[in-house]
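Work through the exercises below with the sequence and the model open. Try each task before reading its solution.

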Amino acid sequence: MTIFNVNPTGSDSFFTFTGALEAAAQTDDQAEIRLSPGTYWGQITISVPGITVTGMGSSPADTVIKGNLSSREIMPDQKKRGTFRTYTLMVDAPYVTLKNLTVENTAGPGEAAGQAIALYVDGNGFHGKGCRFLGHQDTLFTAPLPPKEIEPDGFIGPKQAAPRINGTHYYENCYIEGGVDFIFGGAAAYFEGCTFCSNEPGFVFAPSTPQGRPYGYVCRDCRFTASWLPAAGVSSLPDSNPDGPVYLGRPWRNYAKTVLISCWIDRHIHPSGWDDWGKIEAQKTVLFAQYGCLGPGASTVSWPSWCTSLSKKDLPFYEKEQVLSEAINLL
């Protein structure tokens, strides 16, 4: 493996992340970029297959890739930037791994800034390990895009006309924060030991699972919480909507799939759990399900009839190795 160190103040290292990426693209060896603690600003694309990018701090908060682009900005062509040109970091290659770092979009709350992607992943076999992905509306996009736009130029951006890659992603012990639809897209993505933190009312997931695909989002041993809830061990609760201002998810497209297994769900989740986004027809085609979830927001008593609970015999189908079977070098 070839190591590329990035340190803006070091004489024996690359001064920029992009400089190290350019060098890594020229090697035939497997490459790892090691980012020294600090903040790396800019809109960055990783297009080197099989590369690993590691933050070298003691925690993911020490190494931050940061941007602040929002969908409502007016571009030189007088069109809005749109969702898919707002990303801080784009992974546009297979088998890329991110470790121990933060990717953040600081554009602000969705009500003011609109969509603002922190991490855009388009490539099979992605692995995020011990990372933080921070934003508000549309924090994490797990490509592919749906086949067609609903509105003209709705997909304007780097992959608008590209072939759709039905990839698999693995998010391990990651912290993902946002508000409206803050994890969205069509990938088969397995989230293990992750924390999903809502920082404003909205929806955690907005999957667009392609028709005929067996998996959308699968979450195992994850935690759903909110920034306004007290930390562990604090007994008093702040005044808030007793019904919960956040839904687990809604279908971006009609064949959306999300399965929660043995997750902890806090009181910020609405008793209904899921919303159909006004798509009555989607009630017959989505799969929103759970097994063995706990916590004050985990009750399924008020869930819509078109959502379900799994049985123990269903669980082998949702094992990690099964879900990620197409990412042959991932595990």
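The exercises cover strand pairing first, then the pocket and the cavities.

The model is predicted, so local features need pLDDT of at least 70 and side-chain atom pairs count only at pLDDT 80 or more, while totals for chains, interfaces and linings use all residues. Residues are numbered from 1 along each chain as its sequence is written, and side-chain values use heavy atoms, with hydrogens and water left out.

**Exercise 1.** Trace the pairing on either side of strand β17 and state how far β17 is covered.

Solution. Strands are DSSP runs (E, at least two residues), numbered from the N terminus, and two strands pair if DSSP finds at least two bridges between them.
- Step 1: β17 spans residues 188-192, and 5 bridges join it in parallel to strand β14, residues 168-172.
- Step 2: 4 bridges join β17 to strand β20 (residues 217-220), again in parallel.
- Step 3: Ala 189 is the bridge partner of His 169, and Tyr 217 in β20 is the bridge partner of Ala 189.
- Step 4: In β17, 4 of the 5 residues are buried, where buried means under 20% relative accessible area with a 1.4 Å probe, protein chains only.

**Exercise 2.** Give the strand order of the open sheet of 8 strands and find its edges.

Solution. 
- Step 1: The order is β3-β6-β9-β12-β15-β18-β21-β24, with parallel pairing.
- Step 2: β3 (38-41) and β24 (264-265) are the edge strands, each pairing on one side only.
- Step 3: Inside this order, 3 bridges join β9 (residues 102-105) to β12 (residues 132-134); Thr 102 has Arg 132 as its bridge partner in β12.

**Exercise 3.** Describe the largest pocket and its lining.

Solution. On a 1 Å grid over the protein atoms alone, a pocket is an open set of points with protein on both sides within 12 Å along at least five of seven lines; a cavity is a set where a 1.4 Å probe fits but cannot get out; lining residues have an atom within 4 Å of a point.
- Step 1: The pocket's volume is about 710 Å³, a volume being the space filled by probe spheres set on the points, which are joined across faces, edges and corners.
- Step 2: Of its 26 lining residues, Thr 83, Phe 84, Gln 115, Glu 151 and Gly 154 lie nearest the centre.
- Step 3: The lining divides into 10 nonpolar (Ala, Val, Leu, Ile, Met, Phe, Trp, Tyr, Cys, Pro), 10 charged (Asp, Glu, Lys, Arg) and 6 polar residues (the others, Gly among them).

**Exercise 4.** How many cavities of 30 Å³ or more are there?

Solution. 
- Step 1: The count is 2.

Definitions and conventions. Buried means under 20% relative accessible area, exposed over 50%, partly exposed in between (1.4 Å probe, protein chains only).
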